[in-house]
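I open this notebook to record what I looked up in one structure.

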Amino acid sequence: MKKSRGLAVFTFLVYLFLLGPLLIISVTSFEAGNVLKFPPEEFSLKWYQNIFEVEMFFTTFKTSILVSFAGNLLALLIGVPAAYALSRYEFKGKAVLNGIFVSPILIPGIVLGFTFLRYLVLAYQLPVYTALFIGHTVIMLPFIIRVVASSLSNFDFSIEEAAQSLGASKLGTFFKVVLPNIKSGILAAVMIAFLESFNNVDISVFLTGPGVSTLPIQMLTYVENYFDPTIAAISVLLMIITAILMFMVERLMGLSYFTKR
């Protein structure tokens, strides 16, 4: 009993440590005054309204959405065939290729961001939007490959062989047999990659430039000049969106797992 109570107390403290800052931010976002404080003296929704009245938030939000969706599309076009090849075939250099695809996760974001700045912006002098597009595609690609490969691990490739034995082409089998069976895994991969791109700071801070910024970078800039609860209100909205997407990912991955059994 004592060990159970001690474990319960320890677990509660861990959750409090992890969720405490989020709860504080959520409460302070309803502060009625002009200064961020906890606990708030009065409650108001005016800072949530302020989000939609500040033009720079709307502009950078559109940039973040555009870069995330465009990069996600390219990452899908590269990542899904790559995940299929890594899961379906055995070939020389497979481990090396897999390591290359996963490396953007392993390399510190600051190092990767500085590398992009050094080569994409300074050496090749690419436009800001192009550099952002390439950078975000690179950081999304490992998530696409790993999640899709996880979904393919539950796929019975004998179904594909049966379709080919009945006259279907390899390409037709891939689109008509393989993809429909892993569509939930692909959707989960898209959502995870989108969250990674949309919330990214360490890569974007090196690739943004004058007149072009993403929402997380704009939030950092806003904090440097203002101390009102607007950023807390934005953070609450982003937390809600993230929680909804992660819940959908969990359901999709669960659906992908059970439908293969």
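**Entry 1: Thr214.** I looked up Thr214 and found it buried, because its relative accessible area is 3% (buried is under 20%, exposed over 50%, partly exposed in between, with a 1.4 Å probe and protein chains only). I located Thr214 in the loop between α10 (204-207) and α11 (215-225); helices are DSSP runs of H or I with at least four residues, numbered from the N terminus. Setting aside neighbours within four places in sequence, I listed Thr60, Ser64, Leu132, Ser204 and Thr208 as contacts of Thr214 (heavy atoms within 4.5 Å).

**Entry 2: basis of the values.** I note that this is a predicted model, in which local features need pLDDT of at least 70 and side-chain atom pairs count only at pLDDT 80 or more, while totals for chains, interfaces and linings use all residues. Residues are numbered from 1 along each chain as its sequence is written, and side-chain values use heavy atoms, with hydrogens and water left out.

**Entry 3: Asn50.** I placed Asn50 in helix α2. Its relative accessible area of 15% is why Asn50 counts as buried. Residues up to four places away in sequence not counted, Asn50 touches Tyr222 and Thr230.

**Entry 4: the largest pocket.** Which helices each supply at least two residues of the lining of the largest pocket? I found α2 (46-53), α3 (55-88) and α12 (230-259). A pocket here is an open set of points on a 1 Å grid over the protein atoms alone, where a 1.4 Å probe fits, with protein on both sides within 12 Å along at least five of seven lines; lining residues have an atom within 4 Å of a point. I recorded a volume of about 230 Å³ for the largest pocket, the volume being the space filled by probe spheres set on the points, which are joined across faces, edges and corners. The largest share of the lining, four residues, comes from α12. Among the lining residues I noted Phe52, Phe61, Leu215 and Ile241.

**Entry 5: aromatic rings.** I counted twelve aromatic pairs in the structure (ring centres of Phe, Tyr or Trp, by its six-membered ring, within 6.5 Å; planes under 30 degrees apart are stacked, over 60 edge-to-face, the rest tilted). Phe174 and Phe175 are edge-to-face, because their centres lie 5.4 Å apart and their planes stand at 85°. Phe174 is buried at 12% relative accessibility, whereas Phe175 is partly exposed at 49%. I also noted one aromatic cluster formed by Tyr84, Tyr89, Phe155, Phe157, Phe174 and Phe175.
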